[in-house]
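Q: Could you walk me through how to read a few local features of a model? I would like the general idea each time, then the case at hand.

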Amino acid sequence: MKKQSFLTGAVILMIANAISKILGAVFKIPLTYILNEDGMAVFNIAFEVYIMFLSFIISGLPFAISKMVAESNSRGEYSKTHRIVKISTILLVCIGIVGSVALYFGSPFFALAMKEEKAIYAIQMIAPSIFFVALGTAYKSYYQGVSNMIPTALSQVTEAIVKLASGYYLAVLFLNYGVEKTAGGAIMGVTSGEIIATAILMIMYFYGRDKKYVKSEKSDTAEILKELMSIALPLLCASVVANAINVADTTLVRSRLLDGGFSSDEARFLYGAYTGYALTVFHLPVGILATLGVSILPVIAGAIAVNNTKKAQTATDIGIRLAVMLSMPCAVIMYLMSNEILTVLFHNSSSSAMLTAIAPCVIMMCVTQITSAILQSAGKIMLPFFTALCGSAVKLSVSWYLIAMPEINIYGSAISSNAAYILVMILNLIAIHKCLSLKLNITAIIIKPAIATALMFGVMYISSNYISAILGDGFVYLAVMCGIGMSAYVLMLFLTNAISVKEVRKILKG
């Protein structure tokens, strides 16, 4: 199967990610009518336990596999590439079996730890997913390492469809057996989706691989395992620390709101409005644009492996420019249209000011994601972790100081996020320049897109009252305003030569 260019692969994953998120929303909305508040609490707790467990046991391995595959493939060591997949599969199968068994039999412990005894059955029903996700990880990472994003996208969308259909069906089937069984039936949809997604990846790999390279495997198993662990273990440690910091941040926000004189109910409302509505919208573009990091990994790792500095330079330039150019209009739309976005999506605009406050952080976070991926792909595995630690120190410090002020309250968390990611973004950009000796064209990467963004902001701000008077508020008004803003933005990108038609054609050709 032919590999795609960096941009084509990124677009494929973005579309698949967007479809999956839409299907995920379609899955949860009707599910709330079946499960109600009690059932959704059980469902969400079981899913949170599953995600925490999964991220801990396989964290770092997908990146390690993709990086090693990209490096061996770029050197023409195709036998080693398939040997990496085989050894990784065996390792992940063992991890998956242990993980699934531990989660299944440890379900009473995890449910009690989360203060929800009714989640035991739901946790047991999602436990097999650990095995199938682990098994599929080796093949998904292989395809990402060889710059073929179609299998990943296909499995991702299929998983979402199966999860939607089977989860909804099983929830209805178990409806008369109590909250525990109904939530367990719904969450079995996740397991069903993972089984099908893994099957697709395995079938495509075994039918698409070149058997002559598979048969001539001669690479040393111990050497491959050592290299895998040397990449994965530092990332696992970084993930554990990052999760601990996230827990500390959550605890700090709640406690400082109480210190600021808010009652428990008021603190819960502010935190729920911020995390449940504002951050949900905020993470949509961040999650979709995270696919840029997945697509750039094999390009950078492969180029560095064969000392092709020019290719690494080009990929770095394109990756950062795309992150900036795609995130800037998202920030403007969320900043100016926060009320309309929340009203259309949730019929609740109480957190619109919170979304406005956090909106600029989209740019810094997306650039941080792509620069971290570039540094890690180039072998600087732990450097993004240390820059993130610096950002975390700023975030926790600023949050602690501001959130307890009654006039600032939860907005202190948004302000601290903006401050933290500005610092991390700058540190990552400096690291790319210093450690990798890659030049960054600041005019093309930042200044020109910023000019286009300023025009977009001005056009949307000036025209909003006129358009609102004609169309009123609602989805049509939001869509028209986004269309007007994006038209002005794209036009200015071409006028400032931030990107040219010739360049677009060149990128699309890979």
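A: Gladly, and we start with how elements are named: helices (H or I, at least four residues) and strands (E, at least two) are DSSP runs, numbered from the N terminus. With that scheme, Asn409 lies in the loop between α17 (383-403) and α18 (411-435). This is a predicted model, in which local features need pLDDT of at least 70, side-chain atom pairs count only at pLDDT 80 or more, and totals for chains, interfaces and linings use all residues. Residues are numbered from 1 along each chain as its sequence is written, and side-chain values use heavy atoms, with hydrogens and water left out.

Q: What is the phi of Asn409, and is Asn409 buried or exposed?
A: Its phi is near 45°, a positive value in a residue other than glycine. For burial, the cut-offs are under 20% relative accessible area for buried, over 50% for exposed, and partly exposed in between (1.4 Å probe, protein chains only). Asn409 has 9% relative accessibility, so it counts as buried.

Q: Which loop holds Ser147?
A: Ser147 sits in the loop between α6 (128-145) and α7. Ser147 is not a glycine, yet has a positive phi of about 60°. With a relative accessible area of 11%, Ser147 is buried.

Q: How do helices α7 and α8 pack?
A: Axes are lines fitted to C-alpha atoms, for helices over the stretch in contact, and angles run from 0 to 180 degrees between N-to-C directions. Helix α7 (residues 150-173) packs with helix α8 (residues 179-208) at about 155°, their axes 7 Å apart. Angles under 35 degrees count as roughly parallel, over 145 as roughly antiparallel, 65 to 115 as roughly perpendicular and the rest as oblique. Therefore α7 is roughly antiparallel to α8.

Q: What is the angle between α11 and α14?
A: The axes of helix α11 (residues 264-289) and helix α14 (residues 338-346) cross at roughly 105° and come within 11 Å. That makes α11 roughly perpendicular to α14. Contact means heavy atoms within 4.5 Å; here Gly276, Tyr277, Thr280 and Val281 of α11 meet Ile341, Leu342, Leu345 and Phe346 of α14.

Q: Where is Met481, and which residues does Met481 touch?
A: Met481 belongs to helix α20 (residues 475-495). Leaving aside residues up to four places away in sequence, Met481 touches Met337, Met460, Ser463, Ser464 and Ile467. Met481 is buried, its relative accessible area being 0%.
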